[in-house]
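Please take me through this model one feature at a time, giving the general idea before each case.

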Amino acid sequence: MQAARSPTLASLSRVTHRYGPVLALEGLDLEVRRGEVLGVLGPNGAGKTTAISLLLGSLQVQEGVASVFGSAPGAAEVRVRRGAMLQISGISANLTVREHIELFRAYYPAPFSASRLLALAGLEDLARRRYGKLSGGQKQRVMFALALAGDPELLFLDEPTTGLDVDARHRLWNEIRALRESGRTTVLTTHNLDEADALADRVVVIHNGRRIAEGTPAEIKSRTAGRLARCVTRIAPDAVASLPGVVEARTRGQHLEALTTQPEVLVRELLVRDEALADLTVVAAGLEEAFLALTRDTT
Amino acid sequence: MTPGRRFRIYLLEARFQVLEVLREPMFAIPTLTFPLILYLFFGVIMGTRGVSLAVPTYVLATYGVFGVLGPALFGFGAGLANERDTGVLLLKQTTPMPAGAYLFAKVMAALIFGAIVVAALFLTAAHAAGVALYRWQWFALAGVLLAGVIPFCALGLAIGAWAGGRSAVAVVNLVFLPMAMLAGLWLPIYMFPDVMQDIALALPAYHHAQLALKVIAMDAGQSVPMHLAVLVAETLVFLGLAALGFRRADGFLMRRSR
């Protein structure tokens, strides 16, 4: 893979971070390579935003090393070359889109032109509107424009498509692809496997503050392509867990739940072993289950 | 960063801070009109009934202090705490914006709002109440009043550094109105019981008001260096408290720009 040979632009190494007694990151290693779109994937609360905040210098590193362009993440020379879209609740409601863009452009030595930013974020018709009067999706687009204001080499997008409708989401995806074509590097956090699949060259999966998988989207998907079988049965979870392909089996309420990579084998066995088995469903495993499978793999 | 770009950032940040606040009627209308309404009532309507113009002259100075105090406390205290809550500060921290530009913008906004209030009060005093001062007194009074932005912004900064976005407005109100009253901005403190007079001596607004009253020879007769020393000391204490608050919270506005 070409990205694998590219130099590292930013990295976290053996980073551990605590909020009081709560362990948010535990010995996390993360590498961002030049020119790639790196997907940082994980369920809510996995530690994605903490990792991004450390790379942005908005959190102080407690243990381990964070480095961007070979410098400390908060260094002035780093801030000039990087842009970020964060999960924040808003910017000044009383300023117009154009005013916000003008202000952020002023922060950088060689910014994109205002008209280019408006076009990139699809905001041409909204330039004179006050931020407070925009819809949620339009506000997200303003944040995207502000992240791009300085023509950054390295772009951090923290859950950029939260709150966007399907059209707006696909439009943003296209913009991110176009940025990649122009040689820029993007770090994208998401809890949406499809989004990582659509955009990322490489995916790092974080769960409970640890990196539990890393690879191309295809590799990650193949490892999480499990099915979840649910049924009411007298067969014990332990017995099911020892069947071929079963990653995890547990009791939830009256139901047995089994996560498996070979659903046909599992269902055949279950039906043979328990003629009274009832209420059987088999569904594609959700991301939560996929993470469970990955966690299971690594322990 | 080139000096030219730095200057431009300071300027734009200040311009948009002022615009932002001007466009917020919930902030702009009360802070601009409240001192004026007080002055119209107590200075013009009530104050001009007697033979002398002592009352309208006296309250011109003290309501002027009140008018400068509001924008500084609300802009810095409530505004800053709110921007930290919403994440605006967090976002700006990731950009090359110098932290100084942010503080400068807030001080400038407080100064401009203060200047508007003072100008409105002066016009009302001169034309509606007939207050007559020497030309140097008008200028000196305006200068003294606007200089009050510095200690009051420091106080607002300390509040903003420690209070959360929602509680900051409440804390500012708890400081703003009681301090205005206890410092003698509405009624001279010699009308208060002794205990309350002692409290006034601890308040920056009292010392600021005394300096303003000194210009029109209506102060309580304490020394200018004493008032200045208290104001400087209290400003330093507020700035220290603010620095502690920021260090505790997130380190922003404390960061050295390398």
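**Reading the features**

Q: Which strands of chain A does helix H10 (residues 263-273) lie across, and at what angle does it run to E12(A)?

A: Helices (H or I, at least four residues) and strands (E, at least two) are DSSP runs, numbered from the N terminus, and an angle between them runs from 0 to 180 degrees between N-to-C directions, with axes fitted to C-alpha atoms, for helices over the stretch in contact. Here helix H10 of chain A, residues 263-273, lies across E10, E11, E12 and E13 of chain A and runs at about 145° to E12(A). This is a predicted model, in which local features need pLDDT of at least 70 and side-chain atom pairs count only at pLDDT 80 or more, while totals for chains, interfaces and linings use all residues, and side-chain values use heavy atoms, leaving out hydrogens and water. Residues are numbered from 1 along each chain as its sequence is written, with chains lettered from A and ligands numbered from 1 in the order in which they are written.

Q: In what order do the strands of the open sheet of four strands in chain A stand?

A: Two strands pair if DSSP finds at least two bridges between them. In this open sheet of chain A the order is E11-E12-E10-E13, and the pairing is antiparallel. Strands E11 (246-252) and E13 (278-284) of chain A stand at the edges with a single partner strand each, so one side of each has no neighbour in the sheet. From one strand to the next, the twist averages 15°. Within the sheet, E10 (residues 227-232) and E12 (residues 255-260) of chain A pair in the antiparallel sense over five bridges, and A:Arg230 has A:Glu257 in E12(A) as its bridge partner.

Q: Which strands make up the open sheet of three strands in chain A, and which helix packs on the sheet?

A: That sheet of chain A has the order E2-E1-E4, again with antiparallel pairing. E2 (22-33) and E4 (63-68) of chain A are the edge strands, and each has a single partner strand, so one side of each is left without a neighbour in the sheet. The twist averages 15° from strand to strand. Five bridges join E1 (residues 8-19) of chain A to E4(A), the two running antiparallel, and A:Ser11 is bridged to A:Ser67 in E4(A). Helix H1 (residues 48-56) of chain A packs on the sheet and touches E1, E2 and E4 of chain A, its direction making about 120° with that of E1(A).

Q: How do the axes of H3 (residues 54-86) and H10 (residues 204-215) of chain B cross?

A: Angles under 35 degrees count as roughly parallel, over 145 as roughly antiparallel, 65 to 115 as roughly perpendicular and the rest as oblique. The axes of H3 and H10 of chain B come within 9 Å and cross at roughly 140°, and the two helices are therefore oblique to each other. Where they meet, H3(B) supplies B:Tyr58, B:Ala61, B:Thr62 and B:Val65, and H10(B) supplies B:Ala205, B:His208, B:Ala209, B:Ala212 and B:Leu213, contact meaning heavy atoms within 4.5 Å.

Q: How do H6 (residues 135-147) and H7 (residues 149-162) of chain B cross?

A: The axes of H6 and H7 of chain B come within 5 Å and cross at roughly 15°, which means that H6(B) is roughly parallel to H7(B). Their contact is made by B:Leu145, B:Leu146 and B:Ala147 of H6(B) with B:Val149, B:Ile150 and B:Pro151 of H7(B).

Q: Is A:Gly90 buried or exposed?

A: Buried means under 20% relative accessible area, exposed over 50%, and partly exposed in between (1.4 Å probe, protein chains only). A:Gly90, in the loop between strand E5 (82-85) and helix H3 (97-106) of chain A, is buried, with a relative accessible area of 6%. Leaving aside neighbours within four places in sequence, A:Gly90 is in contact with A:Tyr131, A:Met143, B:Thr86 and B:Val88. A:Tyr131 is 41 residues away along the chain, yet the C-alpha atoms of A:Gly90 and A:Tyr131 are separated by 8.6 Å.

Q: Where is B:Phe192 placed in chain B?

A: B:Phe192 sits in the loop between helix H8 (165-182) and helix H9 (194-200) of chain B, and counts as buried at 12% relative accessibility. Not counting residues up to four places away in sequence, B:Phe192 touches B:Met181, B:Leu182, B:Gly184, B:Leu187 and B:Gln197.
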